Amino acid sequence: GFGSDVDVEFDADIADEEDDLLGGLKIESTDDIKVPEKLVDQVIGQDHAQEIVRKAAKQRRHILMIGSPGTGKSMLAKAMTQLLPNEDLQDVLIYHNPDDGNEPKVRTVPSGKGEQIVDAHKEEARKRNTMRTILMWLIIIVILGYSLFIGNILLGIIAAAIIYLAFKYANRGSDAMVPNLLINNADRTTAPFEDVTGAHAGALLGDVRHDPFQSGGMETPSHDRVEAGGIHKAHRGVLFIDEINTLDVRSQQHLMTAIQEGEFAITGQSERSSGAMVQTEPVPTDFIMVAAGNRDALENMHPALRSRIKGYGYEVFFDDTIEDEPEMRRKYARFIAQEVDRDGRLPHFTRQAIEEVILEAKRRSGRKGHLTLEFRNLGGLVRVAGDIARAEDAEFTTRQHVLDAKDRSRSIEQQLADTFIERYSDYDISMNEGGVVGRVNGLAVMGGDSGIVKPIMAEVTQGHGEVIATGKLQEIAQESVQNVSAIIKKFTNKDINEMDVHIQFLQSYEGVEGDSASVSIATAVISALEEIPIDQNVAMTGSLSVRGDVLPVGGVTHKIEAAAKSDIDTVIIPKSNEQDVMIEDEYKEQVEVVPVSHISEVLEIALVGEPEKDGLVDRLKNITTALDREHQVP
Ligand code: ADP
């Protein structure tokens, strides 16, 4: 029941347990959680953005929202409309202009009035047409009677037909007097929200439809062909534009004009259309613009538009993660309740199911002690889990449903990576036994959330210091080799400038970020140079500095899991990534994670066969300390 619902923010019905996954929430299922009515109160995290939205709604200011997808930008923009007054909404009517048919007139009236005006015009036109029709039939009857009388029925029929057509034409003329209700806010209870993300010019700025019959009484009057754009529909409400940087320059300029003038005339957007001859009087466009995008958006945005927002509005950054605290966990439980509520068909989640989702939120944050704020993806997991439960006719969505959903809702990349792993373990390409010279099991991330083992082979031949690599990774390979060349030169007697290094990426495919491969590349090259085999039971990831320091990389959790799935026993990761490791329990026993901070540690673990290896690692340590001393400023 509603009365017993728990309000996660204020309710006293919570125990004070720090390590309780639900933050001490005493509930049986999400059914017991009260979902706030206002959208703005449903937003989780992003406190700063919430505050800005409230302020901007009061002051009618524009907002630029920057942040990752699915963190609540459009949700907050929509929430803003519930904070705006809805009493002063307007309807917009487009009238035929008797002086110039190509310049339709524009009238704004209080919302609800528009329908009444159109109805009154229609009624009037109907009456007039009825009168005319009666008159017409009277005349036709008289003519036909007369033609019978004079005995020339054919002439009578021709005359009647001419009169019929003349009247029809006149009636069309009076239909044309009925205004076009361009914007109708009669049934609106909140200020409008218009999402024009990716909209073409017509949808954004309005359009006048083409008329194939431009004369002869068959044409649709121009005012009837006028269509509103998002900027007009958003009048006194919110215009939301995601991916603002992808909006073409011309549209951004028009948008600027609409913002500056508060009105924008509608014209046909397609130059060759007859609509392009038509231009209305200005139509009001007094909206609040909420523009959104990721970090790149800032660079590609029209500078004038950006400075407009800066000068007259707010810029706000959306966080990706938030600190994991009991109150936050309670809100995440409420998030599930919100999504169940919104969908309307999903069974409520049990305590254990909620806990599993919160664990997943921890895991996806990629940071110790944090929860992910990428709620769209998390919402996807909730819906898939709920759908599975619903398909089973279950009363509740349980932990098992969530686990199944995690399996099923894996991204295409993850599924692809799994097939790779299966396939290559069949064909023994991803080796996990013995030692091989010049071959290292690198680790990469595909599509942001799935790891894969990616073997790299290095070979050294006589040459001129060239680095030859396959595919798109040429540049990265070159850089990695250059980075370690100082170290290599010092500890091998071989000058790398007198050799060619060939690097081959097995299972090469698109979309692999390469910087995290530099430790792997360096290891493979050193192994090839010194002809010391690499343990194939080891996989590694890490970026490398010129001095051999192992620097942090992204996606360590996914990478470790990929290695575990490929039956690799040891994974080397950068020490500074240690706190990002959040592997699932099932993998914890399968794989040993070794954090390192220097390439010499990598070699110590990865290379096999004493004493060459020990000699090498010792030399390497000496050399790099020497390098350190050289670099020190006296
Ligand atoms: P964005 O515009 O940042 O890409 P959206 O606002 O469209 O993301 O988010 C998609 C959905 O994810 C929302 O409709 C909502 O269900 C959920 N969601 C996103 N962010 C939040 C949040 N901060 N709090 C609660 N739910 C959220």
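**Stop one: two helices**

H12 covers residues 351-365 and H14 residues 399-408; they pack at about 35°, with axes 7 Å apart. Helices here are DSSP runs of at least four residues (H or I), strands (E) of at least two.

A word on what you're looking at: this is a predicted model, where local features need pLDDT of at least 70 and side-chain atom pairs pLDDT 80 or more, while totals for chains, interfaces and linings use all residues. Residues are numbered from 1 along each chain as its sequence is written, and side-chain values use heavy atoms, leaving out hydrogens and water.

**Stop two: leucine 182**

Next, click leucine 182, in strand E4 (residues 180-183). Is leucine 182 buried or exposed? It counts as buried because its relative accessibility is 13%, and the cut-off for buried is under 20% (exposed is over 50%, partly exposed in between, with a 1.4 Å probe and protein chains only). Show its contacts beyond four places in sequence: among them are Val92, Leu93, Ile94, Val226 and Ile266. Lysine 233 is 51 residues away in sequence, yet 8.9 Å away C-alpha to C-alpha.

**Stop three: isoleucine 153**

Finish on isoleucine 153 in helix H5. With a relative accessible area of 43%, isoleucine 153 is partly exposed.

Notes
Axes fitted to C-alpha atoms, helices over the stretch in contact; angles between N-to-C directions. Contact = heavy atoms within 4.5 Å.
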